[in-house]
Every structure is written in structure tokens, then in C-alpha cells.
Amino acid sequence: EKESERRRAQNELDAERERAKGELERAKGELERANGELERANGAREHANGELERTKGELERANGELERANGEREHANGELERAKGELDHAKAELDRANGELERANGEREHASGELERAKGELDHAKAELDRAKGEIEKERQRARAEIDAEKQRAKAASLAVPAAPAVDPSRVSAAVRELDDTRTLSQALDALVAHAGSIAGRSALFVIDGDRLKSWKSSGIPEVDIRSVESSIGGRDLLARAIQAGQGIRTSADLPSPPFARASADRSGLAVPVMIGGRAVAVLYVDSGDPAQSAAASFEMVESLARHASTVVALRTAMRTLDVLRGVPADLTGNGDSASDEQAARRFARLLVSEIKLYNEPAVRAGRQQRDLLQRLGTEIDRARRLYEERVPPSIGARHAYFQQELVQTLADGDPALLGNT
């Protein structure tokens, strides 16, 4: 039984040992399989780590792309805003251009009306010129008739009474010829003064400036004496009475010679106006110079000469108006006739500045209120200044001052501070 029990136990032990051996073999297989699985898991982990690193790189790259995309989006938004601003500006410019176009159309219509008016004035000026030529011819014929009559009277007087020396009528003929040959107003006035002084003895001419008299030139009377004259055309002296009457007035007990003449009581004098269109533009004073000389005949000749000078002056004025209407600034030639050149330069400056005011009334009003006319109208002023300097010769020394004076008087209403920074 012990042996049987021993063998049974041995068999069980062997069986257990075999089973344990099988279990061991199986455990080894499991271990090897587990090691394989572990190696495979390590490989998978390493692969997963690689994939993770790659994914991190992809994520960082994606973040960079996202940031770049955000920057581009912000730039695009800025470009969009700028484009919107440019579009708004373009719309405003378009509106302004449309306004400028409408204003230009209005100015063109106004210019067309001005052109039609200028054509009418040109036709009127031509008619005035033809009339003035006819008046000159009539005046020549009248002057010739008066000269012939004076010759006859002088001849009769020389046969009748060998009294005071008679005036040579040929002086009037020479004066008429010289007046006819003049080309400017100042030349005509200078010729009138010179020949009136030659005929009568002494002479002085005054032009009307507003309601005052301004000395022009004299012959036989010191220039210093006539420069001091400050007479009103509304006064009661000899010169004012001649202007008011529109005809020659001789001295009398009630109307003595002007103080500048320093004439004695026995010296006769005459004041005769120079007329244009029924209005006096100047007044001529003459006296006999020598009390022994007969003044009656010489005064009649001077009056005839003054009437002829009035016709010549009217003709010169009509011709000057005709030139202006044709677009040619009158007397801006720099030919030495300084008085006419300066007056013409002033008129041309006044014309240019008046046009600026006419076509820019709203800007002028705003500029006067804000005291910045020069800034608001700088382009128009520069354009007018260039045109003025192109047409006015440099020989007129004060040409820049004339233009600036017109800017102050016409645009700034006499206040230079309204121009702003000048």
C-alpha cells in the first residue's frame, strides 16, 4: 500500500512536474509573446511619439499659418477701410467736380452773355469812334473857319488901329495839327497846354480826379505854384465855375484869376473845360501874360483849341475803349508816356481783380469773414498776377504796387489784414 501510495504519489508528482513543466513552457511562451508585444508596444509608442512630434510641428506650423492669415485679414481689413475712404473721397471729388462743372457752365453762360455785351459795346464804341472822327472833321473845318475869320479880323484891325500886337493865327493851325497827330491822352493834354500858353501867354491844365482838381502841367506859370492847388470842382472860383458851366469863363471883378496865377488886376484870364460826352474831364487856365497884349483874340483861339482838344480826347478815349474790348490793354506799351501807362496799368489791374471778385463772390465773403482771402483765392490771384505781369511792361516801375493796391481795395474792401499772410 505504501509502495502503491508511493508510486501513485510519484505518478502524481511526475504528472504535476510535467504539468508544471508544461505550465513553465507555456509561461515562457507567454513571456516571449509578452516581450514581443512589449517590443511592438514600444515600437508603437516610439511611432506614436514621432507622430506626436510631427503633429506638434504641424500644429505649430498651423498656428503660424493662422497668425499669418490673421495678419493678412487685418491688412485686408485695413486695405478695405482705406479703399472705402478713397471711395468716399472719390465721391466727394466727383461731387466737387460736378459742382465745378456746373459753376463752369454758369461761368460759360455768363461769359457768353459778357461776350454778347462786349460785342454790343464794341459796336457802340465803333459807332462812337466814327462819330468822334466826324466831330474832329467838323472841328477842323470850324477851326479853319475861325482861323480865316481871325485872319480877316487881324487884317482889318491892322488896317484900322495899329494897337496891341495881334496873335498869329498860324499858331492855331499848328496846334490843331499837333493835336491830331497825338496818339495818347497825355500827349494830347501836353500839346493843349503848350499851344494854349504859346497863343495866350501863360497856361496851366488841371485834370479832374473825383471831386478834386489835380495839377497836370503848365506853360509860363511855375510848376511849383500849380502843384499846390487843392481845389474842389464844387467851389465858386473861376476853375470850378468853368467846369460847372461846361464852357469858357473869363475873369471879372467877381471871378478873379486863381491865386496860383499871381496875376495883377489888369491881367485878363480865361478858364475853359475839356469835355467828353458833356462831362468835364479837365480844365485849362490861360492869361495874357503881358498886360499890354490884347487878350480877346487869343482867348477866342484858346477856346476853339480847347473844343478841338475835347474832340481829340474823346476820340482817343473811344479808341482806347475799343482796344480794351478787343482784349488789348490800352497804353501798356512802355513807350515813355508814363502817365498814360500808369493809368492803363491801374485800370488793367482793376479789371483783373474785379473779375476775381465777380466769379468768386462766396469765397470773397467767406475770406473777408475769416480774414484769409489770400489762402482761399490764391490760385485765382496768382493767375491774374501772371496775366498782369505778362501784359504790363517792366518799365512801369510801380506795376506790382498797383496790383497789390487793387487786391486791397477791391477784394479786401480797403483792409489789407483781410488778405491774411501777404
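Tutor: Start with contacts, in what is a predicted model. Of the contacts in the chain with a separation of 6 or more, 60% are between residues 24 or more positions apart.

Student: What share of the 422 residues in the chain is buried?

Tutor: Buried residues make up 30% of them. The accessible surface of the chain is about 25,400 Å², and 51% of that belongs to carbon and sulfur atoms. The secondary structure comes to 11 helices and 5 strands.

Student: Why is Thr 182 called buried?

Tutor: Buried means under 20% relative accessible area. Thr 182 has 5%, so the word applies. Thr 182 sits in the loop between α2 (170-181) and α3 (185-200). Leaving out residues up to four places away in sequence, Thr 182 touches Gln 187, Ala 188, Ala 191, Val 312 and Arg 316.

Student: What makes the pair of Thr 182 and Leu 179 a polar contact?

Tutor: A polar contact needs N or O atoms within 3.5 Å. A polar atom of the Thr 182 side chain lies 2.7 Å from the backbone oxygen of Leu 179, which is within that limit.

Student: Why is Gly 378 called buried too?

Tutor: Gly 378 has a relative accessible area of 18%, which is under 20%, so Gly 378 is buried. Gly 378 belongs to helix α10 (residues 378-391).

Student: What makes β3 and strand β4 (residues 269-276) a pair?

Tutor: Two strands pair if there are at least two bridges between them. β3 and β4 have 2 bridges, so they pair, in the antiparallel sense. Arg 250 has Leu 270 in β4 as its bridge partner.

Student: How many bridges join strand β1 (residues 202-209) to β2?

Tutor: There are 6 bridges, and the two strands run antiparallel. Leu 205 has Lys 217 in β2 as its bridge partner. The hairpin of β1 and β2 has 2 residues between the strands, and Gly 210 there takes a positive phi near 70 degrees.

Student: In what order do the 5 strands form the open sheet?

Tutor: The order is β2-β1-β5-β4-β3, with antiparallel pairing. β2 (212-219) and β3 (249-250) are the edge strands, since each pairs on one side only.

Student: Which residues have the most contacts inside the largest nonpolar core?

Tutor: They include Leu 179, Leu 192, Leu 205 and Leu 284, in a core of 28 residues. Elements giving two or more residues to this core include α2, α3 and β1. A second, separate core has 22 residues, including Ile 356, Ile 381, Phe 403 and Val 408.

Terms used
Residues numbered from 1 in each chain as written. Predicted model: local features only at pLDDT ≥ 70, side-chain atom pairs only at ≥ 80, totals over all residues. Heavy atoms only, no water. Helix = DSSP H or I, 4+ residues; strand = E, 2+ residues; numbered from the N terminus. Buried < 20%, exposed > 50% of the residue type's maximum accessible area, 1.4 Å probe, protein only. Contact = heavy atoms within 4.5 Å. Areas by Shrake-Rupley, 256 points an atom, 1.4 Å probe, with all protein chains shown as cover. Polar contact = N/O pair within 3.5 Å; in protein donor to acceptor, adjacent residues only side chain to side chain. Core = buried A, V, L, I, M, F, W, Y, C linked by side-chain atoms within 4.5 Å.
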